[in-house]
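Please look over the fold shown here.

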Amino acid sequence: MKRVLTGDRPTGNLHIGHYFGSLKKRVEIQNSGEYEQYILIADVQALTDNFNHPEKVRKNVREVAIDYLSVGIDPKKTTIYIQSMIPEVAELTVFYSNLVTIARLERNPTVKTEILQKKDIFGESVTYGFLGYPVSQAADITAFEGEIIPVGEDQLPLIEQCREIVRKFNSIYGNVLTEPKALLSEKKRIKGLDGNDKMGKSLGNAIYLRDSEEAILKKVMSAVTDPNRIRKDDLGNPDVCMVYYYHQLFDTREEYQNVCSECRLGKRGCVACKKELAQHINRELAPIRERRKYYEEHPEEVDKILIEGTSRAREVARETMVKVKKAMQLDYFGKE
Ligand code: TRP
């Protein structure tokens with residue numbers, strides 16, 4: 001079975017952007033029965049730009065784990081693990097750091113963009129750890145001989161960097177590592193409630209999987225609609241309305257076509273339209289909310305899932321490490 005590897009930085013709860021962008025796909029991959037899927041909670045990577053907020057990373061490890069379980073990630077079929085508890089990944093990162101130049105890291109488009117966005121953290125000079133996180137991500141992937149990496153577009157340069165490291169390693173030490181392939185998600189990035197291209201915590205425009213029904217109604221009420229539509233019978237333009245945009249994500253085809261034509265004809269008021277959207281979002285989130293409630297009431301089960309997943313993952317990383325050390329002539333006494 002082909003090995004699929006993905007993960008998230010635990011810096012906040014997951015929102016519907018993650019849900020449509022990656023979580024639904026992961027559940028699909030899991031249930032196809034065709035892949036062996038690993039999902040890492042990338043706490044070490046989260047620390048690269050949150051090193052001064054360890055409590056935030058710690059808290060969100062469990063939050064993200066519950067987000068995964070609530071959308072239907074089944075720990076019997078998918079291995080969920082905590083990155084920092086796999087020391088082999090840190091070890092590999094050190095070995096790989098010889099195979100990457102600083103100039104190459106500085107040219108990585110994802111890293112470049114992120115450094116610009118994080119000026120408040122790094123000022124004019126970025127840390128060694130942050131600049132090098134693509135190396136650690138290459139270790140995440142190759143420690144598990146990950147073949148398929150489902151990602152959004154912004155992650156493509158990281159996978160390319162990983163592929164380069166793999167080729168360099170294999171050309172020097174022998175053919176040991178597996179070169180991964182990115183599987184680009186077909187869904188475009190989900191826009192925020194305010195119409196911003198990106199949904200995110202810092203932007204304050206996100207709908208979280210853990211939001212209550214009331215919170216969702218409140219957020220939807222604040223969503224940006226057609227500014228030219230003042231009275232209910234004004235003819236609307238759904239193409240510039242965030243409420244319509246979300247209707248398309250949460251409605252059946254028939255439902256959203258109806259929303260569209262009623263809006264254009266001025267037969268649908270924005271308030272009623274928003275209430276209906278909130279209902280449809282809640283319809284989709286109901287089973288997710290139910291599973292979340294279960295895990296929130298059983299934190300010991302969440303811990304058990306993480307401990308077991310991490311121990312299973314560690315076995316795999318250990319096996320890779322034996323091969324890597326042998327290839328690098330670091331197997332001094334025959335073992336390890
Ligand atoms: N960089 C990813 C993100 O920010 C998280 C991540 C860490 C990851 N290691 C990975 C993704 C390995 C895929 C494969 O969301």
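Q: Is the crossing of H12 and H13 left-handed or right-handed?
A: This is a predicted model, with local features needing pLDDT of at least 70, side-chain atom pairs counting only at pLDDT 80 or more, and totals for chains, interfaces and linings using all residues. Residues are numbered from 1 along each chain as its sequence is written, and side-chain values use heavy atoms, without hydrogens or water. A crossing is left-handed if the near helix is turned anticlockwise from the far one by less than a right angle, and right-handed if clockwise. For H12 and H13 the crossing is left-handed.

Q: Which residues of H12 and H13 make the contact?
A: Contact means heavy atoms within 4.5 Å. H13 contributes Tyr 256, Val 259 and Cys 260. From H12 come Tyr 244, His 247 and Gln 248.

Q: What radius of gyration does the protein chain have?
A: The radius is taken over C-alpha atoms, and the globule rule is 2.2 Å times the number of residues to the power 0.38. With 336 residues, a compact globule would come near 20 Å. The protein chain agrees with that, at 22 Å.

Q: What share of the residues of the protein chain count as buried?
A: Buried means under 20% relative accessible area (1.4 Å probe, protein chains only). Of the 336 residues, the buried share is 49%.

Q: How many helices are there in the protein chain?
A: The protein chain has five strands (DSSP runs of E, at least two residues). Its helices number 15.

Technical notes
Helices (H or I, at least four residues) and strands (E, at least two) are DSSP runs, numbered from the N terminus. Buried means under 20% relative accessible area, exposed over 50%, partly exposed in between (1.4 Å probe, protein chains only).
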